Amino acid sequence: MPRKPALRGRAARLARLLPAGSAHAARTPFVLLVVLLLGGGLICLLVLNSALSEGSFKLNDLQSDTKNLTDEEQALQRDVDAYSAPDALVRRARELGMVPGGDPAFLTPEGTVKGVPSSAALRSSAAVPVALRPPETVASVTTPAPSQAASLPSAAPSAVPSATNTGR
């Protein structure tokens, strides 16, 4: 084996400051520390990426659920609007046996009666205006021939009360 030359002077003093043969031993912990830091960083990035992906999938599912629930809400609102339409209310009232009310009478604070009350009489469907008929019958109603029109009663109710009915 070759022998190391002996150091003299300044080189000898510097050589005493550095431990001999420990250059490889000091490098090993540093390399392990760097490898551990890099590996830990990569694992943290992987976990973070997985959490973000999971959150993205949850967000997508929630947006899909929101869209479905919004569609359902709109369909239910259309149903409510259809059931609360005047034609639908009239049809359902007739199905329950209800009839339009008669002419009302009003009581004044002095105790006098204004108007002449009339009872609610069952009217035939031909006497009911077309606007108040159920939607199914309105679609099937056609304009009657002139010979039939004379035999049908008036479809328009009198909207103007007579002067004798008001009691004024």
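Let me begin with pLDDT, which is the predictor's confidence in each residue, on a scale from 0 to 100. What we have here is a predicted model, in which local features need a pLDDT of at least 70 and side-chain atom pairs count only at pLDDT 80 or more, while totals for chains, interfaces and linings use all residues. Residues are numbered from 1 along each chain as its sequence is written, and side-chain values use heavy atoms, with hydrogens and water left out.

The protein averages a pLDDT of 76, and 66% of the residues score at least 70. Over residues 125-168, however, the pLDDT is below 50, and in the model this stretch has 30 contacts beyond near neighbours in sequence, a contact being heavy atoms within 4.5 Å. Where pLDDT is low, the predicted coordinates should not be read in detail.

Turning to the overall layout, the protein has 6 helices and 2 strands, and along the sequence these follow the pattern α-α-α-β-β-α-α-α. Both kinds of element are DSSP runs numbered from the N terminus, with helices being H or I of at least four residues and strands being E of at least two. Of the contacts between residues at least 6 apart in sequence, 39% join residues at least 24 apart.

How much of the protein is buried? Buried residues make up 5% of the 168 residues, where buried means under 20% relative accessible area, exposed means over 50%, and partly exposed lies in between, with a 1.4 Å probe and protein chains only. The protein exposes about 14,600 Å², of which carbon and sulfur atoms supply 65%; these areas come from the Shrake-Rupley method with a 1.4 Å probe, and for residues only the protein chains shown count as cover.

Now to helix α2, which spans residues 23-83. Val 31 is found in this helix and is partly exposed, at 44% relative accessibility. Together with Phe 30, Val 34, Val 35 and Leu 38, Val 31 makes a nonpolar surface patch of about 470 Å². Patches are made of residues with over 30% relative accessible area and no salt bridge, like charges being joined within 9 Å and nonpolar side chains (Val, Leu, Ile, Met, Phe, Trp, Tyr) within 5 Å.

Next, the charged pairs. Side chains of opposite charge can pair when their charged atoms come close. A salt bridge here is a side-chain nitrogen of Lys or Arg within 4 Å of a carboxyl oxygen of Asp or Glu, and the count comes to 3.

In helix α2, Lys 58 and Glu 54 meet in a salt bridge at 3.8 Å, N to O, and because they are 4 residues apart in that helix, about one helical turn separates them. Lys 58 is partly exposed at 49%, and Glu 54 is partly exposed at 47%. Lys 67 and Asp 71 form a salt bridge at 3.4 Å, and they too lie in helix α2, 4 residues apart; Lys 67 is exposed at 54%, whereas Asp 71 is partly exposed at 37%.

Helix α3, residues 86-95, holds Glu 95 and Arg 91, again 4 residues apart, and their side chains meet in a salt bridge at 3.9 Å. Glu 95 is exposed, with a relative accessible area of 60%.

Finally, which residue does the side chain of Thr 108 contact? Thr 108 sits in the loop between β1 (106-107) and β2 (113-114) and is buried, with a relative accessible area of 15%. Its side chain makes a polar contact with the side chain of Thr 112, at 2.6 Å. A polar contact is a pair of N or O atoms within 3.5 Å; within protein, one must be able to donate a hydrogen and the other to accept it, and residues adjacent in sequence count only if both atoms are side-chain atoms.
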